[in-house]
Amino acid sequence: MAASSTMKTEMNRYWRIFATGFCFSLFGVGALALTFLVFPVMTLSARNQQQREMRVQAIIQRTFAFFCRTMKFTGAIDYEFIGEDILRQDRNCLVVANHPSLIDYVLIASCMPQCDCLVKAALWNNPFIKGIVKAAGYIPNRDPDNLISDCSERLNDGNVLLIFPEGTRTTPKQESKLQRGAAQIAIRTQSDIRLIHITVSPSFLTKESKWYNVPKNKPFFRVEVKDKIHTARFIDEADSVTTAARHLNSHLAEVLFPPSAT
């Protein structure tokens with residue numbers, strides 16, 4: 001009986017390796033199709049750049065939702081959203097999340113018809129992703145002189161801006177450190193922050209592992225929309241913008257990585 005159970009578990013793991021590989025292949029082909037076929041056609045009649053970007057972001061949301069459902073249907077992963085409706089209604093704010101896995105951005109963006117994103121400049125060199133981030137008007141994190149003004153412009157238009165303040169994926173069982181970019185942007189643009197907390201059990205698609213390093217049990221993603229942080233109180237209580245950003249960053253570290261989650 002034990003041997004049969006072990007064999008069943010191993011067969012399930014091999015299937016999930018195949019399912020994961022299939023889903024990522026589908027993602028790559030889909031990204032190229034969006035870049036060279038779908039985006040040009042769907043944005044052909046757009047009146048201006050802003051309208052083109054909004055259409056592209058809406059397409060991204062629908063295709064990412066399909067990708068997530070495909071991963072769930074094939075058994076590669078399972079997931080649960082908590083507070084998805086709240087997230088859909090947010091406007092003119094930053095969305096800040098922890099970053100335990102490769103597909104965190106995909107999971108979050110699949111819930112948001114409009115979502116700007118602050119992304120690593122290296123993605124502009126990725127053949128599968130650069131067409132998407134460029135067409136969507138995402139903001140590259142490579143020009144500090146214009147970064148705040150670019151973010152401020154999007155937020156003033158009522159947009160939502162997604163940021164992963166760790167800057168890279170979390171390393172399991174290691175203390176996470178936040179860069180101050182998200183806090184600086186929130187303080188300098190006087191924008192509130194919507195928190196999202198993501199857990200993955202067991203760990204999967206981390207920075208150190210390859211896509212085929214599939215765990216024994218099916219990974220379960222829990223994406224929970226948390227309360228909104230109002231930056232006004234940090235600005236009012238501080239004697240400078242720098243101090244306010246430092247205090248806000250410390251608060252973000254506390255709420256994104258509570259002791260029970262480490």
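Me: How do you know that β3 and strand β5 (residues 160-163) are joined, and in which sense do they run?
Reply: Two bridges join β3 to β5, and the two run parallel. Strands pair if DSSP finds at least two bridges between them, so β3 and β5 meet the cut-off. C117 stands opposite L162 in β5. Helices (H or I, at least four residues) and strands (E, at least two) are DSSP runs, numbered from the N terminus. The model is predicted: local features need pLDDT of at least 70 and side-chain atom pairs count only at pLDDT 80 or more, while totals for chains, interfaces and linings use all residues. Residues are numbered from 1 along each chain as its sequence is written, and side-chain values use heavy atoms, with hydrogens and water left out.

Me: What makes β1 and β4 (139-140) edge strands?
Reply: Seven strands form an open sheet in the order β1-β7-β6-β2-β5-β3-β4, with mixed pairing. β1 and β4 each pair on one side only. Strand β1 (residues 78-82) runs parallel to strand β7 (residues 220-229), with five bridges between them; Y79 stands opposite F221 there. Strand β6 (residues 192-201) pairs with β7 in the antiparallel sense over eight bridges, and S201 has F220 in β7 as its bridge partner.

Me: Why is R194 called buried?
Reply: Buried means under 20% relative accessible area, exposed over 50%, and partly exposed in between (1.4 Å probe, protein chains only). R194 has 10% relative accessibility, so it counts as buried. It lies in strand β6.

Me: What joins the side chains of R194 and D90?
Reply: A polar contact of 2.8 Å joins them. The term covers a pair of N or O atoms within 3.5 Å; within protein, one must be able to donate a hydrogen and the other to accept it, and residues adjacent in sequence count only if both atoms are side-chain atoms.

Me: Is R154 buried or exposed?
Reply: R154 is buried, because its relative accessible area is 16%. It sits in helix α6 (residues 144-156), and its side chain reaches the backbone oxygen of G137 at 2.7 Å. D85, in helix α3 (residues 84-89), has 55% and is therefore exposed.

Me: What is the volume of the largest pocket?
Reply: The volume is about 1,100 Å³. Of the 39 residues that line this pocket, the closest to its centre are H99, L102, K120, L123 and R169. Elements that give two or more residues to the lining include α1 (2-42), α2 (49-74) and α7 (181-189). On a 1 Å grid over the protein atoms alone, a pocket is an open set of points with protein on both sides within 12 Å along at least five of seven lines, where a 1.4 Å probe fits; lining residues have an atom within 4 Å of a point. Points are joined across faces, edges and corners, and the volume is the space filled by probe spheres set on them.
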